[in-house]
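Have the sequence and the 3D view open while you read.

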Amino acid sequence: MSKRKEITGVTEIFGVMGYPVAHSLSPAMQNKAFDYYELDKIYLAFAVPPNCLTQALNGLRALGVTGVNVTLPYKEVVARQVDLLSPEAQLIGAVNVLRFDQDRLVGHNTDGTGFLQSLEQDAGFTPAGKKVLVLGAGGAARAVILTLARFGAAQISIANRTRQRATELATEVEAKTGQKAVGLSLEPSELKPWVPEADLVIQATSVGLYPKGESPSWFNPDWLSPTALVCDLIYRPRPSEFLKRAALRGCRTLDGLGMLLYQGAQSFTWWTGLEAPVDVMRQSLLKQLG
């Protein structure tokens with residue numbers, strides 16, 4: 001890996017758009033990947049205030065930006081403003097990466113497949129035929145759930161604070177993939193019976209995010225099977241309090257850093273056609289996290 005070239009009038013521009021976005025770890029990760037191949041490209045952070053999304057997309061297109069990642073709160077609304085969706089984006093109904101192909105804006109989603117790659121590469125877990133319990137039904141949970149169903153999870157239980165949202169997502173999973181899914185509330189009496197039989201438990205709510213670092217009060221780790229793989233999509237702090245408690249139960253654990261890494265690596269490959277330098281990108285993330 002060599003020193004970055006000078007930025008010139010022909011340097012290709014990439015970035016991440018969201019609001020807020022200053023905290024994103026993606027610019028450092030993607031720029032390290034560009035440096036690895038000595039590519040004349042740069043990756044920036046674009047803060048897009050509410051009600052400015054359409055103008056921002058038009059501006060990026062007009063300025064010749066090649067591609068961007070999309071983060072909160074725009075993943076679902078962007079999916080309705082592109083010219084073409086990849087099969088993954090169609091399935092999930094959300095976009096986390098865009099590419100400007102001449103006059104077409106193409107939307108793709110690497111969140112679900114990024115999580116799947118983390119499961120397989122970092123934990124040696126394949127979802128086919130397995131029972132999965134997901135806590136939460138937000139955007140990240142949606143990508144994970146629909147991808148796991150697409151890759152053959154035998155049963156997916158979705159527990160959410162608003163039971164109706166979990167039930168609606170479960171109905172969508174069955175309609176789109178043919179896999180069995182059920183919606184639950186987070187009430188302990190309703191949730192508890194589903195936990196011991198789960199091969200994979202995924203914490204996909206915002207509970208535990210830095211700096212609070214708490215563990216879900218409505219979930220008892222004693223319900224877990226010690227043979228289960230327990231994941232938390234949070235990657236700061238590392239490990240989360242939820243994963244610490246699962247480890248004390250004897251469970252294998254996996255945090256959200258791999259999902260962040262692999263969704264970014266897949267975005268890099270989709271933009272450039274090159275194999276992503278995953279180890280270089282991983283080291284960049286670890287350095288930023290201290």
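Which residues of H1 are buried? They are Ser26, Pro27, Met29, Gln30, Asn31, Ala33, Phe34 and Asp35. Buried here means under 20% relative accessible area, exposed means over 50%, and partly exposed is in between, using a 1.4 Å probe and protein chains only.

Before going on, a word on the ground rules. This is a predicted model, in which local features need pLDDT of at least 70 and side-chain atom pairs count only at pLDDT 80 or more, while totals for chains, interfaces and linings use all residues. Residues are numbered from 1 along each chain as its sequence is written, and side-chain values use heavy atoms, with hydrogens and water left out.

Helices (H or I, at least four residues) and strands (E, at least two) are DSSP runs, numbered from the N terminus. H1 covers residues 26-36, and eight of its eleven residues are buried, so the helix is mostly covered. The cover over those buried residues includes strands E1, E2 and E3, along with helix H10 (257-272) and helix H11 (278-289). Contact, here and below, means heavy atoms within 4.5 Å. After H1 comes Glu38, with a positive phi near 55°.

**Rings and charges**

The structure holds eight aromatic pairs. Rings of Phe, Tyr and Trp (its six-membered ring) pair if their centres lie within 6.5 Å; planes under 30 degrees apart count as stacked, over 60 as edge-to-face and the rest as tilted. Tyr36 and Tyr37 make an edge-to-face pair, with 5.1 Å from centre to centre and 90° between the planes. Both are partly exposed: Tyr36 has a relative accessibility of 39%, and Tyr37 has 31%. Ring pairs also tie these two into a cluster with Phe14, Phe34, Tyr43, Phe268 and Trp271.

Two rings have a charged side chain over the face. The test is that NZ of Lys or CZ of Arg is within 6 Å of the ring centre and within 35 degrees of the ring normal. Arg99 lies over Trp270, at 4.1 Å from the ring centre, and Lys130 lies over Phe125, at 5.3 Å from the ring centre.

Next, follow H6 (residues 139-150) and look at its partners. How do the axes of H5 and H6 cross? They come within 8 Å and cross at roughly 65°. Axes are lines fitted to C-alpha atoms, for helices over the stretch in contact, and angles run from 0 to 180 degrees between N-to-C directions. H5 and H6 are therefore roughly perpendicular, a label for angles of 65 to 115 degrees; under 35 counts as roughly parallel, over 145 as roughly antiparallel and the rest as oblique. On the H5 side (residues 111-123), the contact uses Asp111, Gly112, Thr113, Phe115, Leu116 and Leu119, which meet Ala143, Val144, Thr147 and Leu148 of H6.

H6 also meets helix H7 (residues 163-177), with axes that come within 10 Å and cross at roughly 35°. Here Arg142, Ile145, Leu146, Ala149 and Arg150 of H6 touch Leu169, Glu172, Val173, Lys176 and Thr177 of H7. The H5 and H6 crossing is right-handed, and H6 passes H7 in a right-handed crossing too. A crossing is right-handed if the near helix is turned clockwise from the far one by less than a right angle, and left-handed if anticlockwise.

| Feature | Angle | Loop |
|---|---|---|
| Tyr19 to Pro20, cis | omega near -5° | Pro20: E1 (12-18) to H1 (26-36) |
| Leu72 to Pro73, cis | omega near 5° | Pro73: E3 (67-70) to H3 (75-79) |
| Gln102, positive phi | phi about 55° | E5 (97-101) to E6 (104-108) |

Asn51 is exposed, with a relative accessible area of 75%. Gln102 is exposed as well, at 78%.

**A buried serine**

Is Ser157 buried or exposed? Ser157 is buried, at 2% relative accessible area, and sits in strand E8 (residues 155-160). Leaving out residues up to four places away in sequence, Ser157 touches Val132, Leu133, Val134, Val182, Leu184 and Trp194. Ser157 and Lys180 are 23 residues apart in sequence, with 8.6 Å between their C-alpha atoms.
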